[in-house]
Amino acid sequence: VTHDVADTTTHPRLCTATLRVADTPPYERGGPAAIVHLGVGAFARAHLGGYADTLLRGGHDALIRGVSLRSPAAQRQLGPQDGLYTVTECEPSGDGAPRVHGAIASVGTGSAAAAEAIAAPSTTMVTLTVTEKGYAVDEAPAVLAAGLAARDRSVLPPVIASLDNLADNGVLLRRRVLDVAGRIDTALARWIEHEVRFPCSVVDRMVPATTTADLDLVAARLGRRDDAAVIAEHHSSWTLERVPGLLPLHAAGVELVDDIGPHQRRKLWLLNLPHSALAYAGLLAGCDTIAQAAEHPDVEPFVAALVEDVLEVCDVPDARAFAGDTLRRFRNPTLGHTCVQVGADGSQKLPQRLLPVVEARRERGLDVGRGALVAALWSAAVNEVPLAGRTLPMVQDPTTTLVDASPEFDARVASARRDLERRGLAALVAAS
Ligand code: CS2
């Protein structure tokens with residue numbers, strides 16, 4: 001490790017000028033971007049960036065202009081690298097070599113840069129990863145409205161796709177954009193309403209935040225320093241509602257469907273919900289990572305029982321096989337996905353992944369005790385309440401209340417929390 005760290009500082013920075021011939025993406029990176037992406041974090045690089053790279057390798061027009069609305073981090077990381085970065089797949093069978101991706105042709109920061117990119121006639125698709133909490137504020141919808149307002153209306157408008165983990169993400173985004181646009185100009189709102197498509201999508205790839213150790217490892221393997229490097233599991237999927245005007249995404253393995261509902265439920269209920277449960281229960285059990293939590297003798301049975309709760313009410317194709325595969329993915333010890341990262345922003349995530357399951361179980365008269373324990377663990381974490389003497393590590397969250405929970409469920413959560421305060425981990429074991 002010491003050797004790798006020393007090496008990092010001596011390696012030249014990854015960029016067009018230092019790129020090895022063998023690592024050079026086999027496509028032209030100089031043309032106008034077809035895709036504008038808002039929120040160029042690790043997930044977008046490992047997910048969208050991979051699909052676009054595949055399309056470009058197939059001769060399709062899929063360069064990305066990435067814009068971060070606020071944080072200058074992406075520009076700092078990718079700008080000096082001419083948008084080049086690597087993705088390293090981490091799997092128990094061995095890590096892959098860092099693979100250079102060239103789909104991000106340029107990066108910018110701020111609302112004006114984003115609106116300008118959306119307005120460009122070459123832009124045929126706009127994608128977003130602004131996290132769950134990005135839909136509660138006007139920023140991204142306002143940027144979209146401003147960009148659309150500046151479009152030449154004789155050219156087809158871009159398709160706009162949210163890639164965030166929310167049910168009916170396209171419906172929600174469309175509503176938010178129409179709200180904002182209506183306040184600017186009713187004719188604009190009408191045009192968006194009739195002409196712009198907002199397909200819903202379901203994306204799936206576990207991408208932990210990159211650590212300094214990851215950067216050192218990538219540098220040692222690549223012989224170049226890559227400040228924009230991302231680590232990801234091998235699995236990657238993207239399901240999108242079929243709408244007219246889409247790039248040939250199916251050529252890169254994107255699944256186009258007419259009914260997104262079952263795909264959303266399967267992902268949010270059988271992956272994201274157990275993920276959150278592992279994060280909070282793992283923190284209680286003293287685990288750092290999701291993989292440790294997934295193997296912990298007191299946590300694993302609880303989460304397995306929670307998954308059975310979901311399977312009882314989740315009527316989607318291949319649910320059990322999907323759940324089993326998901327649990328296997330959680331156990332990937334090389335990914336280093338932390339409980340603190342997955343546990344962040346629970347106030348925004350749990351209404352998407354937990355509450356609909358609770359609702360579905362209540363409708364069928366089934367018990368919601370395990371769901372209440374998950375919400376109670378989250379609440380104890382964000383309120384720093386000790387559970388049997390153990391205060392959970394701090395998780396980031398914009399708020400400590402769960403909106404949209406019913407009063408009945410709130411009461412169950414309060415009682416689950418009293419149980420956890422008294423018994424700690426034993427409360428989970430008793431509920432397993
Ligand atoms: C995770 C997701 O952080 C979280 O909330 O549940 O980011 C998860 O890793 C992805 O949705 C996997 O596709």
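**The ligand and the strands**

I start with helix H10, which gives the most to the shell around the ligand, with four residues. Helices here are DSSP runs of H or I with at least four residues, strands are runs of E with at least two, and both are numbered from the N terminus.

A word on the source. This is a predicted model, in which local features need pLDDT of at least 70 and side-chain atom pairs count only at pLDDT 80 or more, while totals for chains, interfaces and linings use all residues. Residues are numbered from 1 along each chain as its sequence is written, and side-chain values use heavy atoms, with hydrogens and water left out.

Back to the ligand. Which residues come nearest? Of the 13 residues around the ligand, they are Asp204, Lys267, His275, Lys349 and Arg353; a residue counts as near if one of its heavy atoms lies within 4 Å. The shell divides into four nonpolar, four polar and five charged residues. In this scheme Ala, Val, Leu, Ile, Met, Phe, Trp, Tyr, Cys and Pro are nonpolar, Asp, Glu, Lys and Arg are charged, and the others, Gly among them, are polar.

Now the polar contacts, meaning pairs of N or O atoms within 3.5 Å. An N or O atom in the side chain of His275 is 2.7 Å from an oxygen atom of the ligand. For Arg353, a polar side-chain atom lies 2.9 Å from a ligand oxygen atom, and for Asn272 the value is 3.0 Å, again from a polar side-chain atom to an oxygen atom of the ligand. On its own the ligand has 340 Å² of accessible area, and the protein covers 89% of that; the areas come from the Shrake-Rupley method with a 1.4 Å probe. Two or more residues of the shell come from each of strand S8 (201-204), helix H10 (261-284) and helix H15 (346-353).

Next, the strands. In a regular strand the side chains alternate between the two faces of the sheet. In S1 (residues 35-38), Ile35 and His37 point one way, Val36 and Leu38 point the other way, and all are buried. Buried means under 20% relative accessible area, exposed means over 50%, and partly exposed is in between, with a 1.4 Å probe and protein chains only.

What does S1 pair with? It runs parallel to S2 (residues 64-68), joined by four bridges, and it pairs with S6 in the parallel sense over four bridges. Two strands pair if DSSP finds at least two bridges between them. Leu38 has Val67 in S2 as its bridge partner, and His37 stands opposite Thr127 in S6.

Thr127 also stands opposite Ala161 in S7. S6 (residues 125-128) and S7 run parallel, joined by four bridges. With helix H6 (residues 139-149), S6 and S7 make a right-handed β-α-β unit: with the strands pointing away from the viewer, the path from the first strand over the helix to the second runs clockwise.

Eight of the ten residues of H3 (residues 48-57) are buried, among them Leu48, Tyr51 and Leu56. Gly59 follows H3 and has a positive phi, near 85 degrees. Asp168 is not a glycine, yet its phi is positive, about 55 degrees. Asp168 is in the loop between S7 and helix H7 (169-184), and at 36% relative accessibility it counts as partly exposed.

Notes. A polar contact is a pair of N or O atoms within 3.5 Å; within protein, one must be able to donate a hydrogen and the other to accept it, and residues adjacent in sequence count only if both atoms are side-chain atoms.
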